[in-house]
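Open your viewer and keep the selection tool ready. We will go stop by stop.

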Amino acid sequence: LARLLKEKGSDDFLKATDDDLLLAKPDGLDLELFPDELKIGSVRLKTSYKFSPGKDDDGLTVKIPSTMATNLQAEKLELGVKGFMDEKITALIKGLPKRYRKQLVPVSGTVDIIINEMKTGSESLINSLSRFVYNRFKVSIPAAVWENVEIPDYLRTRISITDHRGKEIKAGRDIPELLNN
């Protein structure tokens with residue numbers, strides 16, 4: 001190794017670059033699915049992403065200044081970003097009781113239709129999903145059934161309420177609770 005270092009003139013050839021670590025660079029379309037900011041009306045909120053399975057901050061975190069917290073709609077924050085939507089809807093359908101789930105197979109095909117055709121507006125994801133599934137597939141699944149489906153935490157938007165210096169005051173995934181306190 002000493003001889004090789006002397007021949008090369010430095011140890012730079014031993015150091016990994018970003019290109020060495022990435023199997024493939026994400027293209028612009030992939031990056032658009034995970035934006036640096038979440039726009040809700042005229043408000044832009046910073047987002048961050050962390051891969052920490054089992055930790056509280058795993059997944060998407062939206063940072064909200066405490067002065068804005070009570071003025072935001074929980075439904076808009078709950079939607080999160082498009083990059084997690086496919087996985088989130090898949091988890092919701094797979095978590096349904098069998099009597100509903102079996103009407104939506106194959107799940108991957110159903111999810112593709114939902115992702116491509118469902119419009120999200122001012123109502124919650126659960127209400128939009130319930131209405132869309134009824135209108136498109138003629139399957140009546142009450143919103144309460146969807147709400148009881150457990151999905152992995154990383155698919156649920158985590159919000160971080162921050163003070164005027166950007167320091168986290170409180171954080172969690174129970175969005176209505178955090179926004180109203």
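Which helix holds Leu 4? Select helix H1, residues 2–8, and you will find Leu 4 there. Helices here are DSSP runs of H or I with at least four residues, numbered from the N terminus.

A note before moving on. This is a predicted model: local features need pLDDT of at least 70, side-chain atom pairs count only at pLDDT 80 or more, and totals for chains, interfaces and linings use all residues. Residues are numbered from 1 along each chain as its sequence is written, and side-chain values use heavy atoms, leaving out hydrogens and water.

Stay on Leu 4. Its relative accessible area is 32%, so Leu 4 counts as partly exposed (between buried, under 20%, and exposed, over 50%, with a 1.4 Å probe and protein chains only).

Next, select helix H7, residues 107–117, and helix H8, residues 125–137. Their axes come within 11 Å and cross at roughly 110°, so H7 is roughly perpendicular to H8. Axes are lines fitted to C-alpha atoms, for helices over the stretch in contact, and angles run from 0 to 180 degrees between N-to-C directions. Roughly perpendicular means 65 to 115 degrees; under 35 is roughly parallel, over 145 roughly antiparallel, and the rest oblique.

Is Ser 128 buried or exposed? Select Ser 128 in helix H8. Ser 128 is buried, because its relative accessible area is 3%.

Ser 128 and Asp 12 lie 116 residues apart in sequence and 54 Å apart in space, C-alpha to C-alpha.

Conventions. Helices (H or I, at least four residues) and strands (E, at least two) are DSSP runs, numbered from the N terminus.
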